[in-house]
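Dear colleague,

Please find the structure that I promised to hand over to you. My notes on what was found in it follow directly below.

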There are 2 protein chains.
Amino acid sequence: MPLPKSVKMVEVGPRDGLQNEPTPVAPAVKARLVDMLAEAGLTAIESGSFVSPKWVPQMAGTPEVLAAITRRPGVSYPVLVPNLKGLEAAEQAGGVDEIAVFGAASESFSQKNINCSIDESLARFAPVAERALANGWRVRGYVSCVLGCPYEGEIAPAKVAEVAQKLLAMGCYEISLGDTVGTGTPVKAQAMIEAVAQVVPVEKLAAHFHDTYGQALANILAVMEKGVAVVDSSVAGLGGCPYAKGASGNVASEDVLYMLDGMGIETGVDIDRLIAAGAYISGELGRPTGSKVARARGGCA
Amino acid sequence: MPLPKSVKMVEVGPRDGLQNEPTPVAPAVKARLVDMLAEAGLTAIESGSFVSPKWVPQMAGTPEVLAAITRRPGVSYPVLVPNLKGLEAAEQAGGVDEIAVFGAASESFSQKNINCSIDESLARFAPVAERALANGWRVRGYVSCVLGCPYEGEIAPAKVAEVAQKLLAMGCYEISLGDTVGTGTPVKAQAMIEAVAQVVPVEKLAAHFHDTYGQALANILAVMEKGVAVVDSSVAGLGGCPYAKGASGNVASEDVLYMLDGMGIETGVDIDRLIAAGAYISGELGRPTGSKVARARGGCA
């Protein structure tokens with residue numbers, strides 16, 4: 001299969017990234033980051049989460065972020081919603097037209113992370129998705145642990161396909177397949193995509209690979225060879241503190257874009273503006289960028 | 001073309017790596033590193049260089065390194081030799097059975113790096129290779145700037161093929177193709193390999209990719225898809241200080257091996273022992289490892 005001619009980059013830094021940074025960031029800074037990312041040409045920017053600030057204090061202030069961003073035509077600003085309470089909060093906040101829901105491909109991870117089975121978690125999301133769709137919103141689904149689980153180790157591709165299919169049936173327009181622990185490698189990534197593509201059209205699949213073991217770009221290349229044309233990434237590698245223990249390791253958007261640009265794959269994203277957005281948030285966090293491209297271009301911060 | 005069933009990993013950390021580290025390392029430490037790498041299962045370990053210590057002070061003491069290492073059967077310990085004077089020094093040192101010579105694929109780089117044209121540099125290497133072969137030694141050839149030059153930008157694949165063919169004609173048993181600046185991306189890497197493979201059998205080609213822009217593993221995957229089954233790398237990412245300006249960015253051996261292991265490709269190298277060798281030299285240098293796998297396994301140093 002030839003490589004895709006164009007790829008949609010989904011920016012997850014302001015949510016998945018900042019959620020995993022130790023330093024909390026003010027809503028005005030998050031909004032500025034989202035605006036810079038939109039100015040760089042990104043058309044899908046995950047901008048916050050309606051989870052309880054008790055559990056994820058980094059995501060407090062999402063309504064303020066949504067109110068402060070300068071909306072650009074053609075750009076969506078999805079927010080993560082874990083339950084009906086979160087959905088109600090999103091409705092009250094206003095300005096939401098897309099949400100994300102999630103399920104794990106690992107029973108152990110689901111139990112340890114959200115204290116219920118995979119099926120229970122999907123049952124909990126069904127009314128959330130239904131009401132979001134009734135609001136005229138789009139719903140994106142995440143599957144975590146698609147190439148490995150911190151508790152179970154390897155995960156069967158068939159299990160990933162099963163969860164992805166259920167999210168599709170729930171009305172998700174796109175399913176993002178997450179290598180949460182970053183232990184995936186290219187051949188297994190391809191096998192997983194092939195299994196999922198039997199039940200979900202490959203055009204609806206997104207690759208969400210963490211770079212904890214340095215494998216993310218190779219995995220992204222491998223799944224693009226199988227037809228995947230949507231890639232999640234995080235500006236400056238937000239969410240994986242480059243030099244700290246316990247790095248969760250989102251792949252840096254700049255590094256993904258550099259590869260896509262080099263291969264002549266269209267994204268509509270400008271690398272200099274993207275690097276500027278990464279430099280801005282790295283400065284606010286007081287940490288070096290996690291993007292090798294940004295470091296090579298600008299020298300290590 | 002299917003991926004290779006096995007890959008030969010060529011370890012360049014003790015030479016190409018340490019040569020580019022700011023901290024000088026004592027011969028005894030270098031020898032211990034080489035021994036740990038051999039114990040990990042590596043069978044080709046570049047162990048030093050007979051260049052003038054005036055130009056490359058980090059490589060002083062190569063005779064002492066060669067005298068101190070515990071030679072293991074089946075392991076080769078090549079040294080870089082830039083001219084006949086270096087070859088004589090290698091002969092006097094003893095214990096050498098393989099040397100490496102080099103040429104650039106960029107005229108500007110050749111002029112700025114070694115102050116002569118590509119053809120002049122190859123003419124200078126011809127008697128070196130001839131005498132090494134007469135000694136019964138093997139000769140390995142490096143081509144630098146194969147995917148880009150800091151002065152010229154893009155490099156024509158035909159130029160790389162021309163230089164590689166000349167090194168083959170000089171008697172090199174293997175040609176290592178170096179992305180010196182790290183700006184290569186997968187499609188261009190494949191096109192370069194296809195061009196070179198028209199004049200040098202692909203079995204004789206090695207990939208030597210720097211990770212300065214984060215692209216190395218994706219490029220290695222891409223060229224393995226074109227039949228390349230020899231990969232150069234540097235334990236702990238030696239030679240590319242992970243957090244310092246001007247990182248030259250050798251790809252970390254641990255990260256390459258993790259990918260190959262995950263794909264079921266045989267190397268004969270043990271990842272735990274390789275990580276131990278990287279931890280040893282990182283400790284001696286007083287810097288964190290440049291390997292993401294090592295960081296994920298052990299926490300950031």
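Is A236(B) buried or exposed? A236(B) is buried, as its relative accessible area is 0%; buried means under 20% relative accessible area, exposed over 50%, and partly exposed in between, with a 1.4 Å probe and protein chains only.

Before the details, some conventions. This is a predicted model, in which local features need pLDDT of at least 70 and side-chain atom pairs count only at pLDDT 80 or more, while totals for chains, interfaces and linings use all residues. Residues are numbered from 1 along each chain as its sequence is written, chains are lettered from A and ligands numbered from 1 in the order in which they are written, and side-chain values use heavy atoms, with hydrogens and water left out.

As to confidence, the predictor assigns the complex an ipTM of 0.93 and a pTM of 0.95. For chain A the average pLDDT (the predictor's confidence in each residue, from 0 to 100) is 93, and 96% of the residues score at least 70. Where pLDDT is low, the predicted coordinates should not be read in detail.

I return now to the residue in the opening question. A236(B) is found in the loop between strand 9 (230–233) and helix 10 (253–262) of chain B; here helices (H or I, at least four residues) and strands (E, at least two) are DSSP runs, numbered from the N terminus. The phi of A236(B) is positive, near 65 degrees, in a residue other than glycine. In chain A, A236(A) has a positive phi of about 65 degrees, although A236(A) is not a glycine. A236(A) sits in the loop between strand 9 (230–233) and helix 10 of chain A, and A236(A) counts as buried because its relative accessibility is 0%.

The next topic is the sheet of chain B. Nine strands make an open sheet with parallel pairing, in the order 2-1-9-8-7-6-5-4-3; two strands pair if DSSP finds at least two bridges between them. Strand 2 (44–45) and strand 3 (48–49) of chain B are at the edges with a single partner strand each, so one side of each has no neighbour in the sheet. As background, strands of a sheet pair through backbone hydrogen bonds, either parallel or antiparallel.

Six of its six residues are buried, so strand 7 of chain B is largely enclosed by the rest of the structure. On one side the buried residues are E174(B), S176(B) and G178(B), and on the other they are I175(B), L177(B) and D179(B).

Which strands pair with strand 7 of chain B? Strand 6 (residues 138–144) of chain B runs parallel to strand 7 of chain B and is joined to it by four bridges. Within this pairing, G141(B) stands opposite I175(B), and V143(B) has L177(B) as its bridge partner. Strand 8 (residues 205–209) of chain B also pairs with strand 7 of chain B in the parallel sense, over five bridges. There, A207(B) is the bridge partner of L177(B).

Strand 6, helix 7 (residues 157–169) and strand 7 of chain B make a right-handed β-α-β unit; a crossover is right-handed if, with the strands pointing away from the viewer, the path from the first strand over the helix to the second runs clockwise. Strand 7, helix 8 (residues 186–197) and strand 8 of chain B also make a right-handed β-α-β unit.

Lastly, I turn to helices. In chain A, helix 9 (residues 216–224) and helix 10 (residues 253–262) pack with their axes 11 Å apart, at an angle of about 45 degrees. Axes are lines fitted to C-alpha atoms, for helices over the stretch in contact, and angles run from 0 to 180 degrees between N-to-C directions. Helix 9 of chain A is therefore oblique to helix 10 of chain A; angles under 35 degrees count as roughly parallel, over 145 as roughly antiparallel, 65 to 115 as roughly perpendicular and the rest as oblique. Helix 10 of chain A is mostly covered, with nine of its 10 residues buried, among them S253(A), Y258(A) and G262(A). G264(A), which follows helix 10 of chain A, has a positive phi near 75 degrees.

A colleague
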